[in-house]
Amino acid sequence: MKKHNFNAGPSILPREVIEKTAQAILDFNGSGLSLMEISHRAKDFQPVLDEAVALFKELLNIPDGYSVLFLGGGASLEFCMIPYNFLEKKAAYLNTGVWAKKAMKEAKAFGETVEVASSAESTYNYIPKDYTIPTDADYFHITTNNTIYGTELHKELDSPVPMIADMSSDIFSRPIDVSKYICIYGGAQKNLAPAGVTFVIVKDDTLGKVSRYIPTMLDYRTHIDGGSMFNTPPVVPIYAALQTLRWIKEQGGVKEMQRRAQERADLLYGEIDRNKLFRGTVINPEDRSLMNICFVMNDQYKDLEADFMKFATERGMVGIKGHRSVGGFRASCYNAMSLESVQALVDCMREFEKLH
Ligand SMILES: *Cc1c(COP(=O)(O)O)cnc(C)c1O
């Protein structure tokens with residue numbers, strides 16, 4: 001039976017990315033050695049890193065003056081590297097979920113941290129709109145896609161201070177205006193590569209402005225100077241990321257990724273809204289994520305949740321259980337998700353409705 005992989009992360013990757021990476025693990029560039037057993041300083045590996053950086057810049061239209069880094073530690077380590085490198089006196093955070101809250105928690109150790117707004121009181125099922133960003137903040141931190149709750153910021157915000165964004169789960173799903181940000185980061189395991197590498201896009205001339213000592217490994221300048229090779233980089237995830245970036249380019253770039261994401265989301269949200277058994281969990285349609293689509297059984301059908309899970313699992317659906325804090329279901333539809341797989345889930349929902 002064909003499996004339809006709706007996992008939230010680590011998650012679906014294009015089949016050819018997996019095949020090419022598997023091939024390189026067996027024999028890297030015809031060298032007779034595995035990608036896993038060569039030096040990261042081998043002459044064949046540098047072009048992998050260079051091309052990945054170049055494609056990052058090309059696909060996201062990154063202006064001059066920004067560096068692209070591939071680091072370890074996940075988005076979670078960036079939560080502390082951000083204030084280490086950018087927070088001198090005050091930082092502003094928009095609390096749209098557990099990841100945003102974890103980022104904010106780290107900042108508190110470095111300076112005054114202002115939560116400009118929060119939707120915690122209703123399990124983060126909307127994105128706050130009315131708030132004031134302090135004009136004397138060093139930066140304003142946002143999470144563009146809230147993986148657990150299925151909310152997403154679809155429009156670039158206006159901020160009086162430089163913005164920093166966690167884009168772990170929607171990077172490369174749409175065009176972004178990088179010039180609005182001094183730093184964009186994320187774990188690669190949602191939309192780019194297997195777990196093990198973190199991408200960071202950072203504006204060079206915004207570094208070196210804080211007065212504290214920054215430990216070497218946590219200082220972005222170390223990794224800019226070292227070309228992401230200050231220490232041994234995770235070569236296998238970086239190689240896979242390069243294959244994904246090539247794939248995105250071949251498919252038509254981030255605009256095409258956005259078109260496909262919209263098409264998938266229209267299909268699935270359309271069914272959620274139509275089907276009497278289900279309802280979406282996100283209040284405002286404009287906040288609905290194109291990447292993580294969350295829904296629950298309608299109140300009068302609550303008892304059918306376990307039955308639907310079993311029904312869908314038997315038909316090849318994988319990873320549709322909602323996060324424990326939200327319950328219900330979550331279908332993560334990252335770039336590599338085909339419309340056919342979403343259609344298969346929709347068919348499940350229709351068949352199940354007929355039974356009840
Ligand atoms: C998954 C996720 C994280 C955590 O990433 P790690 O790489 O596991 O640290 C942070 N932010 C968002 C939005 C995520 O989806």
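1. Basis. The structure is a predicted model, in which local features need pLDDT of at least 70, side-chain atom pairs count only at pLDDT 80 or more, and totals for chains, interfaces and linings use all residues. Residues are numbered from 1 along each chain as its sequence is written, and side-chain values use heavy atoms, with hydrogens and water left out.

2. Helices α2 and α6. Helix α2 (residues 46–59) packs on helix α6 (residues 235–251) at an angle of about 40°, and their axes are 9 Å apart. Helices here are DSSP runs of H or I with at least four residues, strands are runs of E with at least two, and both are numbered from the N terminus. Axes are lines fitted to C-alpha atoms, for helices over the stretch in contact, and angles run from 0 to 180 degrees between N-to-C directions. The two helices are therefore oblique to each other (under 35 degrees counts as roughly parallel, over 145 as roughly antiparallel, 65 to 115 as roughly perpendicular and the rest as oblique).

3. Residues between α2 and α6. On the α2 side, V48, L49, E51, A52, L55, F56, E58 and L59 meet I238, Y239, L242, L245, R246, I248 and K249 of α6; contact means heavy atoms within 4.5 Å. By class, this contact of α2 with α6 has 11 nonpolar, no polar and four charged residues (Ala, Val, Leu, Ile, Met, Phe, Trp, Tyr, Cys and Pro count as nonpolar, Asp, Glu, Lys and Arg as charged, and the others, Gly among them, as polar).

4. Helices α7 and α9. Helix α7 (residues 253–274) and helix α9 (residues 339–355) pack at about 5°, with axes 9 Å apart. That makes α7 roughly parallel to α9. Their contact has eight nonpolar, one polar and six charged residues. Among the residues that meet are L267, L268 and I272 in α7 and V342, L345 and M349 in α9.

5. Largest pocket. The lining of the largest pocket has 21 residues, with A8, G9, W99, T147 and K190 nearest its centre. A pocket is an open set of points on a 1 Å grid over the protein atoms alone where a 1.4 Å probe fits, with protein on both sides within 12 Å along at least five of seven lines; lining residues have an atom within 4 Å of a point. By class, the lining has four nonpolar, 13 polar and four charged residues. Helix α3 (residues 74–86) gives the largest share, three residues.

6. Backbone. The peptide bond from G9 to P10 is cis, with omega near -10°, and P10 is found in the loop between β1 (4–5) and α1 (15–26). F172, in the loop between β8 (163–166) and β9 (181–187), has phi near 65°, a positive value in a residue other than glycine.
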